[in-house]
Every structure is written in structure tokens, then in C-alpha cells.
Amino acid sequence: MNIRQHYAGLIDIGGGNALALHTDGVGTKVLVAEMLKEYRTVGIDCVAMNVNDLICVGAEPIALVDYLALEKMDQRLVNDVMVGLEKGARDAGVAIVAGETAVMPEVIQKFDLSAMSIGVVKKSKIITGEKVKVGDAIIGLPSSGIHSNGLTLARKILFRKGFEREVAKELLTPTRIYVKQIMKLLKSRIQIRGLAHITGGAFSKLKRIGGRANVGFYLDGLFQPHAIFKEIQEKGHISDREMYRTFNMGTGFLVFCAKNEAENALGALPNARKVGDVVKERKVIVEVDSKKIEVEAW
């Protein structure tokens, strides 16, 4: 069984188990780190962007291998990146079992950071989203900020008139790691039907679950967007629809479960709240201040 999932690839390893594999990087957030010469948080982002996707198929992350590419050797940069990787790994409960540092001045400007991660899941516990049903509850967990998506657009808008240190520091807020919360939930008796990391493509990517399950999503209780999102939207004159297709807007992870399991799920997830419902219409609709925004349809 070799399955390409929407968050992680799965490989049957026998004994009723599967390995989940994923690779991801920090993206253009490294350019913000370079602006500030502050590199200690991007390692956390690198771990987060990997493990937050692994858990979406029900897998427990166990290990990670990092890849740091440099324009030129900078020992301080390397040391600071490693500090972040170590902190992220502790937060996620994974081991960094190996890594590679490459100096390639003809290929890299400044630096780039990525990783490959691995998790394990019982085949009977794999979550694909296909079991999500109309009437199910959608539970959300808050984000810590912009995370590691949409930074190219954010930088172009926010630094159009010049570099602002405080804004850059806000953009560097590390991605929240959801592993411990979600693994605790998955080890409970609560039946979880779907999981979604609100990352690249933001809420438009819910189409992946909706297409499998032949359902749609009505989100009317999402967390309040951080001030940075409002600043991006106002300065860039960006539509509501595009904001919810690009950024997490304050909600970083979604859990789908039966309506009668919602209270139990909320009890197991500190700081979570019900943010919407699964509906019949094959769309993602976000309601904000009595305004309905169609984010995606299929």
C-alpha cells in the first residue's frame, strides 16, 4: 500500500502499521529572519510545518532529518537555527536523527531550511477525511500568528515603504505545534473523522476533505484574526476571500467529529472551540461579522 495523501505519503510496513512521510520547509520566512539577523525561531517553524501535516493522517511523528543550505558558512546562523530545531523537536516529541548542511554560493542566496519527517500509524487508524459527514462539528485551535505561509505577499505589502523592525518581529512569531494536543485526542475514545492543518492555501484546501467526503463546510466561529492580518489586508487592499485563501486568519488547525462528540473533543483540547459545521453544499463558506465569504467551491 503506497498512498499519496493530501498531507503525508503513507507506506505499508506490515504488522498492521504504516509509515507516514512528509517534507516541508520554512519558505520565504527565512528572508524575514535574515532581515533581522535573528535565526532562532525558524527551526521551530521547520519542525512545525512537518509535524502538523503528519498528524493530519493520524500519524504520530517520531523523527525528522533537517537540511540547511547556505550561501556561505555562518557558524552563528547555523548554531541559532539548531537551537530552534531542538526546541521544535522537544515541543513535538520527535527526534532529530540526522541533518545536512550544504554551502552552495552558486545556488543559494543567504540560506534555506527544510526537513523530512516520519511518523507511524496503525492502518486501521489512518484518517483521510472520507468519513466526514453532513452535520459533523468542526473544532478549531488558534494559530500563533502568520505561521509560515503567505510571507511573500505579506513582505511585499508590509515592507513596501521600507523595513519595519517591529513588524518583522511579529512575522517571525514561530508556527504553533499541535502534535501533543492532537495525539492526546487521537488516543482517546473520541472518533475523529478528519483533521486539517491550515497552511498553504489556507481554508481553500478544505476542498481536499470535502471532495473525498462529498460535503462542504460552514465556518462561522473562527478565532479573531491577529492584528497583523488586518494590517496586511488594509495596506494591501486585499479582498476577504483572498485573505482566507492565503492566511490562517487566527485559526491554525481544524478537527472534524460527530456532533455528539464535540463536547468531549473540546474537553480534551484546551483553548479550542467549535468554529463551524459540515454542510451539504460543496463549498467553504466563512462568516465574519454577518458577512458570508465563499472561499472555495467544487
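**Figure 1. The chain as a whole, in a predicted model.** Among contacts in the chain between residues at least 6 apart in sequence, 84% link residues that are at least 24 apart, and the model in which these contacts were computed is a predicted one. The chain has ten helices and 13 strands. Its radius of gyration is 19 Å, close to the 19 Å that the globule rule gives for 298 residues, so the chain is as compact as a globular protein of that length. Along its principal axes the C-alpha trace spans about 55 × 50 × 30 Å, and 53% of the 298 residues count as buried.

**Figure 2. Helix H1 and the elements that cover it.** Helix H1 runs over residues 29–36, and because six of its eight residues are buried, the helix is largely enclosed by the rest of the structure. The buried residues are Lys 29, Val 30, Val 32, Ala 33, Glu 34 and Leu 36. What covers them includes helix H2 (42–54), helix H3 (75–92), strand S6 (111–122), helix H4 (151–158) and helix H5 (165–171). Just after H1 comes Lys 37, which takes a positive phi of about 55 degrees.

**Figure 3. Helix H8 and its buried side.** In helix H8, which comprises residues 227–236, the buried residues are Ile 228, Phe 229, Ile 232 and Gln 233. These residues lie on the same side of H8, because they cover an arc of only 135 degrees around the axis. The face turned away from this buried side carries the exposed residues Ala 227 and Glu 234. Among what covers the buried residues of H8 are H4, H5 and helix H9 (240–246).

**Figure 4. Ile 232 within the largest nonpolar core.** The largest nonpolar core has 88 residues, and those with the most contacts inside it are Phe 111, Phe 203, Ile 232 and Phe 256. Apart from this core lies another, of nine residues, including Leu 10, Ala 20, Leu 54 and Val 57. When residues up to four places away in sequence are not counted, Ile 232 touches Ile 146, Ala 154, Ile 157, Leu 158, His 237, Ile 238, Met 243 and Phe 247.

Figure 5. With a disulfide taken as a pair of cysteine sulfur atoms within 2.5 Å, the count comes to zero. Cys 46 is in no disulfide, and the nearest cysteine sulfur, that of Cys 56, is 17 Å away. For Cys 56, the closest cysteine sulfur is in Cys 257, and because the two sulfurs are 15 Å apart, they are too far from each other for a bond. Cys 46 counts as buried, at 0% relative accessibility, and Cys 56 also counts as buried, at 1% relative accessibility.

**Figure 6. Ser 188 in a loop.** Ser 188 is found in the loop between helix H6 (179–186) and strand S8 (192–197), and with a relative accessibility of 26% this serine counts as partly exposed. A polar atom of the side chain of Ser 188 lies 2.5 Å from the backbone oxygen of Leu 185. A polar atom of the Ser 188 side chain also lies 3.2 Å from the backbone nitrogen of Ile 190. Lys 87 is 101 residues from Ser 188 along the chain, and the C-alpha atoms of the two residues are separated by 27 Å.

Conventions. Residues are numbered from 1 along each chain as its sequence is written. This is a predicted model: local features need pLDDT of at least 70, side-chain atom pairs count only at pLDDT 80 or more; totals for chains, interfaces and linings use all residues. Side-chain values use heavy atoms; hydrogens and water are left out. Helices (H or I, at least four residues) and strands (E, at least two) are DSSP runs, numbered from the N terminus. Buried means under 20% relative accessible area, exposed over 50%, partly exposed in between (1.4 Å probe, protein chains only). A polar contact is a pair of N or O atoms within 3.5 Å; within protein, one must be able to donate a hydrogen and the other to accept it, and residues adjacent in sequence count only if both atoms are side-chain atoms. Contact means heavy atoms within 4.5 Å. The arc is that of the directions from the helix axis to the C-beta atoms. A nonpolar core is a set of buried Ala, Val, Leu, Ile, Met, Phe, Trp, Tyr and Cys residues joined through side-chain atoms within 4.5 Å. The radius of gyration is taken over C-alpha atoms; the globule rule is 2.2 Å times the number of residues to the power 0.38.
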